[in-house]
Amino acid sequence: MMVLWFVTSLTSCGTPRIIVKETASPPTDQLPEPNLVFVITKKDPNLSDSLLIGTIATKHNGFNGDCNLRQVKRAAEKEAKEIGGNLIFITRHKLPNTLLNPCHRIRGNIYSVPNPEAFEKEIIWNTNRKLKVTDFKGSSKGKPFVAATNTYFGYTTSVKSEKNRVIVEVDTYFDCELSYFKDNKNQALVLNHEQLHFDITELYARKFIQRLHHEVKSFKDLVKKVELIGNEVNKELQLKQDTYDTAVYSDLSKQSYWDEWTETGLRELDMYKNKTISRPYKED
């Protein structure tokens, strides 16, 4: 199942100021490895207080900067990692208010947990993070296939008014709870097949940002064209995913061809891997 998720979040606000209060240090044997799994969740993880190492709150400094929800979460993640955290449980989330405060603001608890993967609901595509069977958390009861992967890409926008720029940032996601994996004798082969669905979605996310680079020159262009371009790219993505499944299901030896095709495509679009564009917000 493929889903294209568009999120347009225009914000123009202060650079997040992060307040972290450290209440304990994580045991040295529980310190998370850098650049690996980090989870931010609104669902109470019901963790022991022994794993609580601090609290966090985001604020803002004026009306110019980076404070859409994606940016706020990334800033909070960076600060939590500094004290050894790998999970933030959001206890309060204030939505932007155009008149009073156009920034997302969050408060939460910082934990250091030995198994952050258990709390993941989605995974952002990363060349160094490959899917595991345990990442598939959906029920397989009554499902027709050995495995199914739900992936999508989406974007956020933010405005830096002092620089007269609108920023578009795209991410590719794997939905853990809508993806399932049945026990089978060929787990490695099936897992590789499902990983490639995720990789193909990343490839088309790069195609999406490539088209924005070529076809969007201003904020006016963005408003006019982004949904049209997104719908077109998503139709191409869905067709490619279906073609991939049909080809491999009929002849398993075709998997190697698709592995190479996807790897080549990602390499050719490497210049778009950060999946970000910046365009003028207002015309002179």
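## Exercises on a predicted model

Val-233 counts as buried because its relative accessibility is 1% (buried is under 20% relative accessible area, exposed over 50%, partly exposed in between, with a 1.4 Å probe and protein chains only). The model is a predicted one: local features need pLDDT of at least 70, side-chain atom pairs count only at pLDDT 80 or more, and totals for chains, interfaces and linings use all residues. Residues are numbered from 1 along each chain as its sequence is written, and side-chain values use heavy atoms, with hydrogens and water left out.

**Exercise 1. Check the length of α4, then sort its residues into buried and exposed.**

Step 1. α4 has 14 residues, so at 1.5 Å a residue it should span 20 Å (the expected span is 1.5 Å times one less than the number of residues). Its end C-alpha atoms are 20 Å apart, which agrees.
Step 2. The buried residues of α4 are Gln-255, Trp-258, Thr-262, Gly-265 and Leu-266. They lie on the same side of α4 because they cover an arc of only 95 degrees around the axis (the arc is that of the directions from the helix axis to the C-beta atoms).
Step 3. The buried residues of α4 pack against α2 and α3.
Step 4. Exposed residues Glu-260, Glu-263, Arg-267 and Glu-268 sit on the face turned away from the buried side of α4.

**Exercise 2. Describe α1 and what covers it.**

Step 1. α1 has 14 residues and reaches 20 Å from first C-alpha to last, close to the 20 Å expected at 1.5 Å a residue.
Step 2. Its buried residues are Arg-70, Gln-71, Val-72, Ala-76 and Ala-80.
Step 3. The cover over the buried residues of α1 includes β1 (17-22), β3 (52-59), β4 (87-94), β5 (105-111), β8 and β9.
Step 4. Gly-84 follows α1, with a positive phi near 95 degrees.

**Exercise 3. Describe the largest pocket.**

Step 1. The largest pocket holds about 1,700 Å³ of space. A pocket is an open set of points on a 1 Å grid over the protein atoms alone, where a 1.4 Å probe fits, with protein on both sides within 12 Å along at least five of seven lines; lining residues have an atom within 4 Å of a point. Points are joined across faces, edges and corners, and the volume is the space filled by probe spheres set on them.
Step 2. Of the 49 lining residues, Arg-74, Glu-77, Ile-124, Asp-171 and Tyr-173 are closest to the centre of the largest pocket.
Step 3. α1 gives the largest share of this lining, seven residues.
Step 4. The lining of the largest pocket has 17 nonpolar, eleven polar and 21 charged residues (Ala, Val, Leu, Ile, Met, Phe, Trp, Tyr, Cys and Pro count as nonpolar, Asp, Glu, Lys and Arg as charged, and the others, Gly among them, as polar).

Methods
Helices (H or I, at least four residues) and strands (E, at least two) are DSSP runs, numbered from the N terminus. Contact means heavy atoms within 4.5 Å.
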